[in-house]
Amino acid sequence: MGHVLVVESWVGAMSTLLPRAIREAGHRFTFLTRDLHHYLRQGGGDGVHPLLTADNVLTVETNDPAVLLPQVQRLHEVLRFDGVVTSCDYYLGTVARLAAHLGLPGARPQAVEEACRKDLARHRMRAAGLPGPAFAVTEGWPGTRAAARALGFPLVVKPVDLCAGMLVRLVTDLTQLRAAFDALDAFPVNARGQQRSPRVLLEEVLVGPEVSVETVTVDGATTVLGVTDKSLAGEPWFVETGHMFPAALDAATVTAVRDMAVTALAAVGFDRGVAHTELRLTAAGPRVVEINPRPAGNQITELVRRGTGVDLPMVYTQLALGEQPDLTVTDTGVRSAAISFLLPPRAGTVAGIDGAAALAAAPDVVDWAVKPVGHRTGEAVSNNAYLGHVMAVDTTGLGARARAEELVAGLRVRYADELAGALA
């Protein structure tokens, strides 16, 4: 039995899938966080959050590596960790450095950090000769304005170090660019209390469907498990509204996408771990949107597991422990698996979501959830805004995506102010 150190986590799907995978693989874990209340608030009516069922739950300052590394070293001398992981992007670099510091298995810290930083990854891919969008990395409004004029509109404006599509925006003129820049400038600290980089990434717009490639890399050799398609909400935001695995693509496109993802991982020097690389299928061929050196979010790993039998959160754990994972694809009987997300029509307090009860009776629905009454939602400007999801499978073909979208389209969000208006 191995002992896994889990350093922080998202509080979405992976925060449940990762503890489950560790336990099912026969291991135990210690959970390390700087803010226990962040996870206590997520327990809800079902009890304690799975992360807090760890053998040990410890509070340590995880945002300061100079403090964290020696403290974890002392903990290691007592508790003896065999591997270290996180599901939260903001701690991937820290975990890689912890593993190296403790002499435990893990990816090269520099590779992880460069993959996570959108600007550094762009530079690495350009240096390796990968075709990609024209881009510029700027600081300050004068430099951003000048770079945008040189590149030409339209452009995509990105923070270099945020996740879930936060503050990523399409702009078509200087007025929109200024609004996007000011929004970034007004968000100097991320959701985990870490100081953000002031750099702004400007990119040429990549036009075409978006997909992702799910991979496992061991000692520099990358295995591709498959390609996932993505559906996106309308501009100017890049909110993901659903996914299907496998993507409905022809063989030549799949080969081109797989090869581009593997080359991108090599460009940043990623040598060990699970990765989720996003690409656009442009008229000139696949182009990388970003590299994520961790298992995919939004329950894509569940879609992969249902379609291939390979449990990526478990593989992620096994790699951290130095084990050789079994990546054999098996016939699960599922030909496609898809998830579709319910976006809020607007900001407000949820009074109810009609149509959810029917989901439990649908034989092809394998998972669903909606936010409870009283949930306060903002506008649908990032992947953090979801009000629910439906996951469906198709045992005969590639119909899962259409089915999941159909079911989500049957849900209706009611708002508290509508009820108040009716009673007035």
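Mentor: What follows takes several terms in turn and sets values against definitions. This is a predicted model, in which local features need pLDDT of at least 70 and side-chain atom pairs count only at pLDDT 80 or more, while totals for chains, interfaces and linings use all residues. Residues are numbered from 1 along each chain as its sequence is written, and side-chain values use heavy atoms, with hydrogens and water left out.

Trainee: Why are α7 and α8 called oblique to each other?

Mentor: Two packed helices are described by the angle between their axes and the distance between the axes. Helix α7 (residues 141-151) and helix α8 (residues 174-185) pack at about 140°, with their axes 11 Å apart. Angles under 35 degrees count as roughly parallel, over 145 as roughly antiparallel, 65 to 115 as roughly perpendicular and the rest as oblique, so α7 and α8 are oblique.

Trainee: Which residues make the contact between α7 and α8?

Mentor: Contact means heavy atoms within 4.5 Å, and α7 contributes Trp 141, Thr 144, Arg 145, Ala 148 and Arg 149, while α8 contributes Leu 174, Leu 177, Arg 178 and Phe 181. The residues of this contact divide into five nonpolar, one polar and three charged, where Ala, Val, Leu, Ile, Met, Phe, Trp, Tyr, Cys and Pro count as nonpolar, Asp, Glu, Lys and Arg as charged, and the others, Gly among them, as polar.

Trainee: How do you know that Cys 88 is too far from Cys 163 for a bond?

Mentor: A disulfide is a pair of cysteine sulfur atoms within 2.5 Å, and because the sulfur of Cys 88 is 6.7 Å from the closest cysteine sulfur, in Cys 163, the two are too far apart for a bond. Cys 163 is likewise in no disulfide, and by this rule the count comes to zero disulfides.

Trainee: What makes Cys 88 count as buried?

Mentor: Buried means under 20% relative accessible area, exposed over 50%, and partly exposed in between, with a 1.4 Å probe and protein chains only. Cys 88 has a relative accessible area of 0% and is therefore buried, and Cys 163, at 11%, counts as buried too. In helix α5 (residues 109-116), the buried residues are Pro 109, Ala 111, Val 112, Glu 114 and Ala 115, and they pack against α4 (92-102), α6 (118-127) and β13 (285-292).

Trainee: Why is Asp 219 called exposed, and why is Leu 167 called partly exposed?

Mentor: Asp 219 has 67% relative accessibility, so it counts as exposed, whereas Leu 167 has a relative accessible area of 23% and is therefore partly exposed. Asp 219 lies in the loop between β9 (210-218) and β10, with a positive phi near 50° in a residue other than glycine. Leu 167 lies in the loop between β6 (155-159) and β7 (169-171), and its phi is also a positive value, near 60°.

Trainee: Where is Asp 185 found, and is Asp 185 buried or exposed?

Mentor: Asp 185 is found in helix α8, and its relative accessible area is 56%, so Asp 185 is exposed.

Conventions. Helices (H or I, at least four residues) and strands (E, at least two) are DSSP runs, numbered from the N terminus. Axes are lines fitted to C-alpha atoms, for helices over the stretch in contact, and angles run from 0 to 180 degrees between N-to-C directions.
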